[in-house]
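Here is a report on one protein chain. Please look over the sequence and the model before reading on.

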Amino acid sequence: MQIQEILKTEPQNQEVTVKGWVRTKRGQSALSFVHINDGSTIHNIQAVVDGEKIPEGVMKKVTCGACVEIKGELVASAGSGQKVEVNATSIKIYGEADETFPIQPKKHSLEFLREKAHLRFRTSTFGAIFRIRHQLSHAVHQFFHEQNFFYLHTPIITASDAEGAGEMFRVTTFEANKAPVTPDGSVDFKQDFFGKETSLTVSGQLEGELGALALSRIYTFGPTFRAENSNTTRHLAEFWMIEPEMAFFELKENMDLAEAFIKYVIKDVIKNCTDDLDFLDKRFQDENKTKPQNERSEHTLLEKLNFVLENEFARITYTEAIDILLNSKPHKKKKFKFPVEWGIDLQSEHERFLVEKHFQKPVIITDYPKGIKAFYMKQNEDGKTVAAMDVLFPGIGEMIGGSQREDDLTKLKTRIEEMGIEEESLWWYLETRKYGTAPHAGFGLGFERLVQFVTGMGNIRDVIAFPRTPGNVEF
């Protein structure tokens, strides 16, 4: 039995076996109290060790970080904080841990724990984060399954840049500094493994659209990569994306699905991760007290999550958003770092003002200028904007980006040409507009940003097991 099951068991002096890692040990040689955790729950189980039953030589090896098996009787606990405890009758040491074990029972900074990413799972904070990450993953699949979507595995290696930003990791079998070149001096990718230049994908969207235009509703959920030299608290080089694509959906249905999806997975976590969320809520409140007054959250973590569930997301156009910003006090008092005018790509400070100050709830902004959006977005009749949508969240900024997709072949070709993209590289994508095109839409959600919001963690590097960032690939 795992510890989460043992803690729910009615104590009747029955024998149980506990296996896990020692969190703390206190007491004297005559009587010791050992707290064990196996990762199945935020809670430890206490083993009471009588020095006359367990040899002193064994107890010396029961140190913080050691892996042990403890057998004994499950009894009602005489102390506070737990309902049951184990009166140990035997202890087996699986793996010792000496005094150099870095995760001692004291407060450690998140920066320190990132340097010990191979061991940070053993802390209460990271145990809670990764159990919640698991539950969110489960809820993602459950939501789409209930909505009659099919899970599509799109390729990680690709020859197309879905975002058009060019910040991609190249995939090649060429040895460094030994790549063959063409007569004009450029790398001859025809001699490479795939016969052309390839990269790690930044999105499964384009391939996802192909599936949607036959299966009607598909979603992808997998790793994506971006070679952006960014060291912010919101960016990773390797991250996970959830990307549904739906035939016969237009912009409104796309927004409705995005809002329903976010609320579903948050509700699921609140229901199934009560203890972990309670722990992280207390941590969130303690950390909040240490922040400058103007940076403090007005709500606890659980209040923020419930607020999302209880309120409809605000829906405004990009033009309306710009008008709100132009009439805002921060703009009039020149407190925005970046200028505000129609046509700009909204910055984080603009998004957070709209979400946290003006509307005080999640906001969906639609109909962005086509000049700042990707080639595949549906062009509106005004000729200036596209049927795009961004879902903005407090403390995070953009949580979801999506759009209705351009289904008019002529308009799509013109846009590709305008953006300097080689049409031949997307021949297969264009053919779906040639053979039985249909209105369709989709969006992408960065999974780590969702985990960040739900756990209240301030840095995206703390919600993925082994963060990949510029200069960091240690683990």
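## Cavities

Residue classes come first: Ala, Val, Leu, Ile, Met, Phe, Trp, Tyr, Cys and Pro count as nonpolar, Asp, Glu, Lys and Arg as charged, and the others, Gly among them, as polar. By class, 3 nonpolar, 3 polar and 2 charged residues line the largest cavity. The model is predicted, so local features need pLDDT of at least 70 and side-chain atom pairs count only at pLDDT 80 or more, while totals for chains, interfaces and linings use all residues. Numbering runs from 1 along each chain as its sequence is written, and side-chain values use heavy atoms, with hydrogens and water left out.

A cavity is a set of points, on a 1 Å grid over the protein atoms alone, where a 1.4 Å probe fits but cannot get out; lining residues have an atom within 4 Å of a point. Grid points are joined across faces, edges and corners, and a volume is the space filled by probe spheres set on the points. The count comes to 2 cavities of 30 Å³ or more. The largest has a volume of about 40 Å³. Its lining consists of Arg226, Glu228, Ser230, His235, Leu236, Ala237, Thr469 and Pro470.

## Overall layout

Helices (H or I, at least four residues) and strands (E, at least two) are DSSP runs, numbered from the N terminus. The chain has 14 helices and 16 strands. Its C-alpha atoms fill a box of roughly 85 × 60 × 45 Å, taken along the principal axes.

Buried means under 20% relative accessible area, exposed over 50%, and partly exposed in between (1.4 Å probe, protein chains only). Of the 475 residues, 47% count as buried. A contact means heavy atoms within 4.5 Å. Among contacts between residues at least 6 apart in sequence, 67% join residues at least 24 apart.

## Nonpolar cores

A nonpolar core is a set of buried Ala, Val, Leu, Ile, Met, Phe, Trp, Tyr and Cys residues joined through side-chain atoms within 4.5 Å. The largest has 85 residues, of which Phe261 and Ile262 touch the most other members. Helix α4 (residues 124-146) gives the most to this core, with 10 residues. A second, separate core has 30 residues, including Leu206, Ala314, Ile365 and Leu412.

Which residues does Ile262 touch, not counting residues up to four places away in sequence? They are Val308, Phe313, Phe393, Met399, Ile400 and Leu445.

## An enclosed helix

Helix α14 spans residues 447-455. 9 of its 9 residues are buried, so α14 is largely enclosed by the rest of the structure. Gly456 follows α14, and its phi is positive, near 80°.

Ile218 lies in strand β10 (residues 217-225). Ile218 counts as buried, at 0% relative accessibility. Leaving out residues up to four places away in sequence, Ile218 touches Phe149, Phe150, Leu152, Gly208, Gly211, Ala212, Glu243, Pro244 and Glu245.

Leu74 is found in strand β4 (residues 67-76). Leu74 is buried, also at 0% relative accessibility. With residues up to four places away not counted, the contacts of Leu74 include Ile6, Pro11, Asn13, Val16, Val84 and Val86. Leu74 and Glu349 are 275 residues apart in sequence and 55 Å apart in space, C-alpha to C-alpha.

## Positive phi in loops

Most residues other than glycine have a negative phi. Asn13 has a positive phi, near 55°. Asn13 sits in the loop between α1 (3-6) and β1 (15-27). It is one of the residues that Leu74 touches.

Lys334 also has a positive phi, near 55°. Its place is the loop between α10 (329-332) and α11 (348-359). Is Lys334 buried or exposed? At 74% relative accessibility, Lys334 counts as exposed.

## Cysteines

A disulfide is a pair of cysteine sulfur atoms within 2.5 Å. A search of the whole structure finds 0 disulfides. For Cys64, the closest cysteine sulfur is in Cys67, 13 Å away, which is too far for a bond. Cys64 is buried, with a relative accessible area of 14%. Cys273 also counts as buried, at 6% relative accessibility.

Terms used: On a 1 Å grid over the protein atoms alone, a cavity is a set of points where a 1.4 Å probe fits but cannot get out, and a pocket is an open set with protein on both sides within 12 Å along at least five of seven lines; lining residues have an atom within 4 Å of a point.
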